[in-house]
Amino acid sequence: MKKTVADYIKTIPDFPKPGILFRDVTSVLDNADGFQLSIDEMANLLKDVDYDVIAGVESRGFLFGAPIAYKDHKPFALIRKKGKLPRDTVEESYDLEYGSATIELHKDAIKPGDKVVIVDDLIATGGTVGAAAKLIERLGGEVVKMIFLIELTDLKGRENLKGYAVDSVVQYEGE
């Protein structure tokens with residue numbers, strides 16, 4: 001029987017705290033077949049999408065976004081934590097469960113009118129990727145799709161990103 005991406009994702013109970021079922025994306029990355037299948041499945045989510053740039057969210061968005069950008073011969077823009085990018089940046093702060101965070105994007109990574117796909121490994125509440133979309137839009141780009149390997153449906157990230165095309169390869173209920 002042919003394996004799916006879900007077959008490569010290990011579930012770790014009670015991590016990082018009791019009651020949580022942690023979906024471990026590293027178990028996909030450390031298996032050549034699982035990693036290749038995950039890239040192919042994510043790239044397949046873009047088969048009918050017209051886009052110019054892939055933007056990956058630090059850090060696991062880099063691991064999945066960069067190979068897709070390579071495969072489709074597109075530029076790759078890095079969205080990083082504040083203070084990690086060397087050139088002029090735009091920044092966006094957003095709320096986390098406990099506190100806040102700030103991400104940045106090089107000002108010249110997105111040009112006005114660019115159609116951008118945002119890639120990350122997982123969507124939970126959608127806070128990080130929502131902030132990433134604001135950065136892209138501030139530079140004049142249009143977010144045409146957001147893709148994820150894993151979606152935690154109970155955390156309602158898709159609902160928090162209304163107005164954006166959101167897709168994922170594997171969906172799980174629960175935190």
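Visitor: Hi! Is Lys 115 buried, exposed or partly exposed?

Guide: Lys 115 counts as partly exposed, with a relative accessibility of 27%. Keep in mind that this is a predicted model.

Visitor: OK. And which residue does Lys 115 form a salt bridge with?

Guide: Asp 50 is the partner, and the closest N and O atoms are 2.8 Å apart. Asp 50 lies in the loop between helix H3 and strand S3, while Lys 115 belongs to strand S7, so the pair ties together parts that are 65 residues apart in sequence.

Visitor: How many salt bridges does the structure hold?

Guide: Nine. Another one joins Glu 92 and Arg 138, at 2.2 Å from N to O. That pair also links distant parts of the chain, with Glu 92 in strand S5 and Arg 138 in helix H5, 46 residues apart.

Visitor: Are those two buried or exposed, or something in between?

Guide: Glu 92 counts as buried because its relative accessibility is 13%, under the 20% cut-off. Arg 138, at 44%, counts as partly exposed.

Visitor: Got it. What about Lys 82, which residue does it bridge to?

Guide: Lys 82 pairs with Glu 91, and their closest N and O atoms are 2.5 Å apart. Lys 82 is partly exposed at 47%, and Glu 91 is partly exposed at 36%.

Visitor: Let's switch to helix H3. Which of its residues are buried?

Guide: Gly 34, Leu 37, Ser 38, Ile 39, Met 42 and Ala 43. The buried residues of H3 pack against several elements, including helix H4, S7 and strand S9.

Visitor: What's going on at the start of H3?

Guide: A side-chain oxygen of Asn 31 comes to within 3.0 Å of the backbone nitrogen of Asp 33 there.

Visitor: And how far apart are the end C-alpha atoms of H3?

Guide: They are 18 Å apart, which agrees with the 18 Å that its 13 residues should span at 1.5 Å a residue.

Visitor: Rings next! How many aromatic pairs are there?

Guide: There are three. One of them is Phe 35 with Phe 64, edge-to-face, 6.1 Å centre to centre and with 75° between the planes. Phe 35 is in helix H3 and Phe 64 in helix H4, 29 residues apart.

Visitor: How accessible is Phe 64?

Guide: Phe 64 has 0% relative accessibility, so it counts as buried. Phe 35 counts as partly exposed at 26%.

Visitor: Last one: what sits over the ring of Tyr 172?

Guide: The charged end of Arg 23, at 3.9 Å from the ring's centre. Elsewhere, Lys 3 lies over the face of Tyr 8, 4.6 Å from the ring centre.

Note on methods
Residues numbered from 1 in each chain as written. Predicted model: local features only at pLDDT ≥ 70, side-chain atom pairs only at ≥ 80, totals over all residues. Heavy atoms only, no water. Salt bridge = Lys/Arg side-chain N within 4 Å of Asp/Glu carboxyl O. Helix = DSSP H or I, 4+ residues; strand = E, 2+ residues; numbered from the N terminus. Buried < 20%, exposed > 50% of the residue type's maximum accessible area, 1.4 Å probe, protein only. Expected span 1.5 Å × (residues − 1). Contact = heavy atoms within 4.5 Å. Polar contact = N/O pair within 3.5 Å; in protein donor to acceptor, adjacent residues only side chain to side chain. Phe/Tyr/Trp six-rings, centres within 6.5 Å; stacked < 30°, edge-to-face > 60°. Lys NZ or Arg CZ within 6 Å of the ring centre and 35° of its normal.
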